[in-house]
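Have a look at the structure on the screen, and I'll walk you through it.

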Amino acid sequence: MYNGSILATNTPAGLSSLMTNSLYKASGSNSYKLLKQLRQIEGISEVYPFGQEVHFVGTASIKMDDLQGILRQQDERIVIHSIKPSVEDVFLHLSISHKP
């Protein structure tokens with residue numbers, strides 16, 4: 001449910017399949033700064049805080065090794081990993097892309 005609308009119904013695994021682009025998690029010494037940096041990078045379509053980490057959706061045009069190298073110039077503690085979307089990730093994805 002989002003703004004009174006049902007965004008999707010399915011099993012958790014079925015909901016995860018609604019995210020067609022790759023999902024990543026990133027962490028570093030300053031999550032807020034990392035969040036702002038990721039939002040400025042072409043090829044990243046969604047960026048949101050997720051606890052102490054930042055989750056983001058990357059398109060095929062972005063290479064994570066190159067991205068991690070660029071971000072580590074600002075913070076050597078930055079680490080990026082590919083992850084499977086959780087139900088919460090799917091909800092955030094659907095609510096961001098929801099057109100009322």
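**Walking through the fold**

So, reading from the N terminus, the elements of the protein chain go α-β-α-β-β-α-β-α. That comes to 4 helices and 4 strands, where helices (H or I, at least four residues) and strands (E, at least two) are DSSP runs numbered from the N terminus. The radius of gyration of the protein chain is 14 Å, close to the 13 Å that the globule rule gives for 100 residues, so it is as compact as a globular protein of that length. For that one, the radius is taken over C-alpha atoms, and the rule is 2.2 Å times the number of residues to the power 0.38.

Housekeeping before I go on. This is a predicted model, so local features need pLDDT of at least 70 and side-chain atom pairs count only at pLDDT 80 or more, while totals for chains, interfaces and linings use all residues. Residues are numbered from 1 along each chain as its sequence is written, and side-chain values use heavy atoms, with hydrogens and water left out.

Now the overall numbers. The C-alpha atoms fill a box of roughly 40 × 25 × 20 Å along the principal axes. Of the 100 residues, 33% count as buried; buried means under 20% relative accessible area, exposed is over 50%, and partly exposed is in between, with a 1.4 Å probe and protein chains only. Looking at contacts with a separation of 6 or more, 63% are between residues 24 or more positions apart. Contact here means heavy atoms within 4.5 Å.

On to the inside. In soluble globular proteins, nonpolar side chains tend to be buried together. A nonpolar core, for this talk, is a set of buried Ala, Val, Leu, Ile, Met, Phe, Trp, Tyr and Cys residues joined through side-chain atoms within 4.5 Å. The largest one here has 15 residues, and Leu-38, Phe-56, Leu-67 and Ile-80 touch the most other members. Take Leu-38: leaving aside neighbours within four places in sequence, Leu-38 is in contact with Ala-26, Ile-44, Val-47, Val-54, Phe-56, Leu-67 and Leu-71. Apart from that core lies another, of 7 residues, among them Leu-15, Tyr-48, Val-90 and Leu-94.

Phe-56 comes up again with the aromatics. How many aromatic pairs does a search of the whole structure find? It finds 1. The rings of Tyr-24 and Phe-56 have their centres 5.4 Å apart and their planes at 25 degrees, so the pair is stacked. The cut-offs: rings of Phe, Tyr and Trp (its six-membered ring) pair if their centres lie within 6.5 Å, and planes under 30 degrees apart count as stacked, over 60 as edge-to-face and the rest as tilted.

His-55 lies in strand E3 and, at 4% relative accessibility, counts as buried. Which side chain does the side chain of His-55 make a polar contact with? Asp-89, at 2.7 Å. By polar contact I mean a pair of N or O atoms within 3.5 Å; within protein, one must be able to donate a hydrogen and the other to accept it, and residues adjacent in sequence count only if both atoms are side-chain atoms.

Then there's Glu-46, in strand E2, also buried, with a relative accessible area of 8%. A polar contact of 2.7 Å joins the side chains of Glu-46 and His-93. Not counting residues up to four places away in sequence, Glu-46 touches His-55, Phe-56, Val-57, His-93 and Ile-96.

Asp-89 and His-93 take us to helix H4 (residues 87–97), where they are buried along with Val-90, Leu-94 and Ser-95. The buried residues of H4 pack against H1, E1, E2, E3 and strand E4 (79–83).

Last, the outside. Gly-51, in the loop between E2 and E3, counts as exposed at 71% relative accessibility. Pro-12, in helix H1 (residues 12–16), is exposed too, with 53%. Ser-97, back in helix H4, counts as partly exposed at 36%.
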